[in-house]
Amino acid sequence: MKLTLIIDAAIILLVSYYIMKKRLHLFENIFILMILEFLVTSYCAILYINLDVWTIANETELFIIFRVYETIIYPFIWLSYFNLQPIFKSPLFKWIWTGLFVGIQSGVERWLVEWDVITYKGWPFWLSFILQTFIVLIVHLALAWYRNLMRKEGIRE
Amino acid sequence: MLPLPEKFDENEWFLLLCVGLSYLVVFLLPRRFPRSLSVLFLLIGTTIARLSDHLLASPKLDLYNIMDTPNYDLFDLITYFLYAPFSYLFLYFYDKWNIRGYWILLYLVLCTAGGTLFEWINQKLGVFTYKGWQLSYSFSVYLAVQCLVLLFFHWVMRRQPIEKADSH
C-alpha cells in the first residue's frame with residue numbers, strides 16, 4: 001500500500017511538472033535535474049553509509065520507496081520550486097517561497113521517517129532543515145553560474 | 001564525511017592520472033559545442049554513473065565497491081569526475097565524424113568495448129572490486145547508457161538555438 005501510494009505520488013509529481021508552465025529554459029531544467037540527482041544521492045550516501053546517522057529499511061517495499069524518493073520525488077519537488085519561483089518579483093515572497101519548499105522537503109523526509117523507511121540514529125530533525133537550505137543554496141549558485149554562461153552565448157536573455 | 005583512502009596506492013594514482021589526462025584532452029580539443037551544451041554533455045556522464053553506482057553498489061544490493069572501502073569516500077567522488085570527459089568525448093567524436101546509419105551501431109559497439117576494456121583495467125588496479133558483479137554486465141550497461149546518451153544528444157541538439165562554435 002505504501003509503495004503504491006509513493007509511486008502514484010511520483011507519477012502525479014512527474015505529470016504536474018510536465019504540464020507546468022516552465023519559467024526556466026529547458027537547458028536550465030536539465031542542468032538543475034542533473035545537479036540535484038548528484039547531490040541527493042551523495043548526501044544520502046554520506047548520511048546512511050559514511051556517518052551512519054540514518055538507517056534505510058531493509059524490507060524491499062520500503063527500500064524501493066526510498067529509491068523512488070531519492071531519484072524522482074526529491075529532485076522534481078525542487079525542480080518545480082525553481083520553475084515557479086520566478087512568478088514572485090519581491091525578494092520577500094521569494095524567501096517565503098524558498099522557506100515553504102524547504103518545509104515541504106523536510107516534511108516529505110519526516111513522512112518517510114513515520115513510515116519507517118528512514119530511521120534517525122541521533123540525527124536531529126532540525127539538521128534536515130539546514131541541509132535542505134544548504135542544498136537549495138548550492139543549486140541557486142550553480143544555476144546563476146550556468147545562466148550567466150547561457151547569457152554570454154545568447155541562448156538566454 | 002568523505003573518508004580518505006586507506007592506502008594511497010596504484011588505484012588512486014591511476015585515477016588521478018586518468019582524470020588529469022582526460023580533462024587535458026577535453027581542453028586541448030577545438031571547441032565544438034557551445035559551453036552551456038558542453039556542460040550538459042559533461043554532466044550527463046557523471047549523473048548516470050552516480051545514479052547507477054548508487055543503485056547498484058550501495059547497501060542492500062552492493063554488487064561492487066569503488067576504490068578501497070564500501071563507503072562513499074573522497075576518491076569515489078573523484079571517479080565521477082572521470083565519467084564527465086568520457087561522455088563528452090563520446091559525443092564530441094560522434095558529432096565530429098558525423099556518424100550516421102549503421103555506423104552508429106558500430107560506433108556504439110566499439111565505444112562499449114572500449115569502456116568495458118577500461119573498466120577491466122580499473123578492476124585490475126583496484127578501482128572497482130566486484131562482489132557479485134561481472135564484467136559482462138558492464139558491457140550491457142555501457143551499451144544501454146551510450147544509447148541513452150546519444151538520444152539525449154539528439155534531443156538537446158534539436159533544441160539548441162545557436163550555431164556550433166567550431167566545425168573542424
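I take a crossing as left-handed if the near helix is turned anticlockwise from the far one by less than a right angle, and as right-handed if clockwise. The model I am reading is predicted, so local features need pLDDT of at least 70 and side-chain atom pairs count only at pLDDT 80 or more, while totals for chains, interfaces and linings use all residues. Residues are numbered from 1 along each chain as its sequence is written, and chains are lettered from A, ligands numbered from 1, in the order in which they are written.

**Entry: α2 and α5 of chain A.** I looked up how α2 (residues 26-50) packs on α5 (residues 125-152) in chain A, and found an angle of about 145° with the axes 10 Å apart (axes are lines fitted to C-alpha atoms, for helices over the stretch in contact, and angles run from 0 to 180 degrees between N-to-C directions). The crossing of α2(A) and α5(A) is right-handed. Among the residues that make the contact are A:Phe31 and A:Leu39 of α2(A) and A:Ile138 and A:Tyr146 of α5(A), where contact means C-beta atoms, placed from the backbone, within 7 Å.

**Entry: α4 of chain A.** I noted that α4 (residues 91-114) has 24 residues and reaches 34 Å from its first C-alpha to its last, close to the 34 Å expected at 1.5 Å a residue. A:Val102, A:Gln105, A:Glu109 and A:Leu112 are buried in α4(A), that is, each has 20 or more other C-beta atoms within 10 Å of its own. The buried residues of α4(A) pack against α3 (60-84), β2 (118-120) and α5 of chain A.

**Entry: chain B on chain A.** I recorded 23 residues from chain B and 24 residues from chain A in the contact.

Methods. Two residues are in contact if their C-beta atoms, placed from the backbone, lie within 7 Å. Helices (H or I, at least four residues) and strands (E, at least two) are DSSP runs, numbered from the N terminus. The expected span of a helix is 1.5 Å times one less than its number of residues. A residue is buried if 20 or more other C-beta atoms lie within 10 Å of its own, exposed if 12 or fewer, and partly exposed in between; C-beta atoms are placed from the backbone.
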